[in-house]
2 protein chains.
Amino acid sequence: MDTKITLAIADDELLFRQGLMSILSKEKNLEIIFDAEDGNDLMAQLRATKQIPEIVITDLKMPGLNGVETTKLIRKEFPDIKIIALTSYFSKPFIINMISIGAVAYLAKNSTPKLMLTTINEVADKGFYYDTQVMKFIHEGLLNTNDQAKKSNFDTTYFTKREKEVLELICQQFTTNEIGEKLFISPRTVDGHRNNLLLKTESKNLAGLVVYAIQNKIVNLEEEF
Amino acid sequence: MDTKITLAIADDELLFRQGLMSILSKEKNLEIIFDAEDGNDLMAQLRATKQIPEIVITDLKMPGLNGVETTKLIRKEFPDIKIIALTSYFSKPFIINMISIGAVAYLAKNSTPKLMLTTINEVADKGFYYDTQVMKFIHEGLLNTNDQAKKSNFDTTYFTKREKEVLELICQQFTTNEIGEKLFISPRTVDGHRNNLLLKTESKNLAGLVVYAIQNKIVNLEEEF
DNA sequence: GAAAAATCAGGTAGAAATACCTATTTTTAT
DNA sequence: ATAAAAATAGGTATTTCTACCTGATTTTTC
């Protein structure tokens, strides 16, 4: 048959994006319709083009509109598009969340080109593709659905108690050192927690973290006026 | 007479705070009841103590609860306390805003001890004190009340078009360099705008800026879900 | 009791932000 | 026309943040 698999790619790193496009464009059965530097760019192009791609490959950590929000938007406006999420962060709750949002595949950014191609073809063919590790997480996630799935909020990525404390203080403009003093832990530990927060929220920096925290009401803004 | 003027001081910089206390404690007619490292600390001590200070001297730029929010809270819970605002930023709209919020004096952080004492005594005596510069601003601000006071929003500190653009992009996790590219201006210029934003919002860092932006709806979070 | 998750914390680097400074040009308002 | 405000942009120094790495200890979960 002659019908190519149509793709769009979103990633803020130009080099990575072009490298990926270079690899994929060698495949005869793939056609890259366009690429985008972030979610907003991607959405704009989707809304403008007459040729809607079959698959969107999107990084999760991008400035502007990140991968999580982008995925939600695509699902809403273009429900037929299949979304492959690219990330460097693998955790059970986060993957479960991404899948529940609508990603049909979840791929590490350091995967081999071979795996990338397999994923694309499987997604085009069957509509989804999860590798062994992801399948394991999904399996375990499903097992827990009934008992304690609700208490640990899958829909807001999942934070530990310490992480919430640190996030709260970050939003209150305390620096890493100050947070360390307040919580009686080393600044390096705060560093670690902040890093996990950045990973879990797929944020590029503090600004993204704060926006996330407020949007998801992890922190309380005292608005008593 | 023997009635001393009772004071509380809030400033996050320990050295500045203690220096100020050292100066003020030499005055026989002053009594410092307590000091606090930020707005939350101040409010906690106010709520706990049985001796409410007559005057609160508060820095505007503090982590946790900053001076603007602190002033609002004090006005609400302890309407009799007179608030002297300490700042390093002098602008007409901002000062007008502070006064409308309830500050009875507005003092530069690099003022002389003499001026500080004058301010305290005048505030204790007459209930307010504005130096020449501040009076000028108030005068001009009042003149404009009818025509265009409403379009330039006094109650939300006042931002220029460029500042709003930069703020928007900061909230979208773009770095200074990236913002420069997007707006076709030098990163140094973005630096300048960001610095003005920090000054105007009395924020310590990006986190404070983002919180401010969201609270005051300067930026729009695309929440279409 | 074993496994997983969370918390803790060290090192090294580099990027980004922030604090100071200064100054020119352009725009806006009166 | 004059003054004020806004936008532009340079330098230097320091702090903070972020990206990597690593591992130990404690707590939770099954």
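**Notes on the two chains and their contact**

1. Strands here are DSSP runs of E with at least two residues, helices are runs of H or I with at least four residues, and both are numbered from the N terminus. Two strands pair if DSSP finds at least two bridges between them.

2. Before going on, please keep in mind that this is a predicted model, in which local features need pLDDT of at least 70 and side-chain atom pairs count only at pLDDT 80 or more, while totals for chains, interfaces and linings use all residues. Residues are numbered from 1 along each chain as its sequence is written, chains are lettered from A and ligands numbered from 1 in the order in which they are written, and side-chain values use heavy atoms, with hydrogens and water left out.

3. The sheet of chain B is open and has 5 strands in the order S2-S1-S3-S4-S5, with parallel pairing. Its edge strands, S2 (30-36) and S5 (103-108) of chain B, each pair on one side only. From one strand to the next, the twist averages 20°.

4. Now for the helices of chain B. Helix H3 (residues 67-77) of chain B lies across S3, S4 and S5 of chain B and runs at about 160° to S3(B). Helix H5 (residues 113-126) of chain B also packs on the sheet, touching strand S1 (5-10), S2, S3, S4 and S5 of chain B, and its direction makes about 175° with that of S5(B). Contact means heavy atoms within 4.5 Å; axes are lines fitted to C-alpha atoms, for helices over the stretch in contact, and angles run from 0 to 180 degrees between N-to-C directions.

5. In chain A, 5 strands form an open sheet in the order S2-S1-S3-S4-S5, with parallel pairing. S2 (30-36) and S5 (103-108) of chain A are the edge strands, each pairing on one side only. Strand S1 (residues 5-10) of chain A pairs with S2(A) in the parallel sense over 6 bridges, and Ala8(A) has Phe34(A) as its bridge partner in S2(A). Helix H2 (residues 39-48) of chain A packs on the sheet and touches S1, S2 and strand S3 (55-59) of chain A, at about 120° to the direction of S2(A).

6. How many residues does each chain bring to the contact? Chain A gives 32 residues and chain B gives 32 residues. The area buried between chain A and chain B is about 2,800 Å², with 54% of it from carbon and sulfur atoms; buried area is the accessible area (1.4 Å probe) that two parts lose on being put together, summed over both.

7. Between chain A and chain B there are 4 salt bridges, each a side-chain nitrogen of Lys or Arg within 4 Å of a carboxyl oxygen of Asp or Glu. Glu178(A) forms one with Lys204(B), where the closest N and O atoms are 3.0 Å apart. The side chains of Glu37(A) and Lys182(B) also meet in a salt bridge (3.4 Å, N to O). That pair crosses from the loop between S2 and H2 of chain A to helix H8 (residues 176-183) of chain B.
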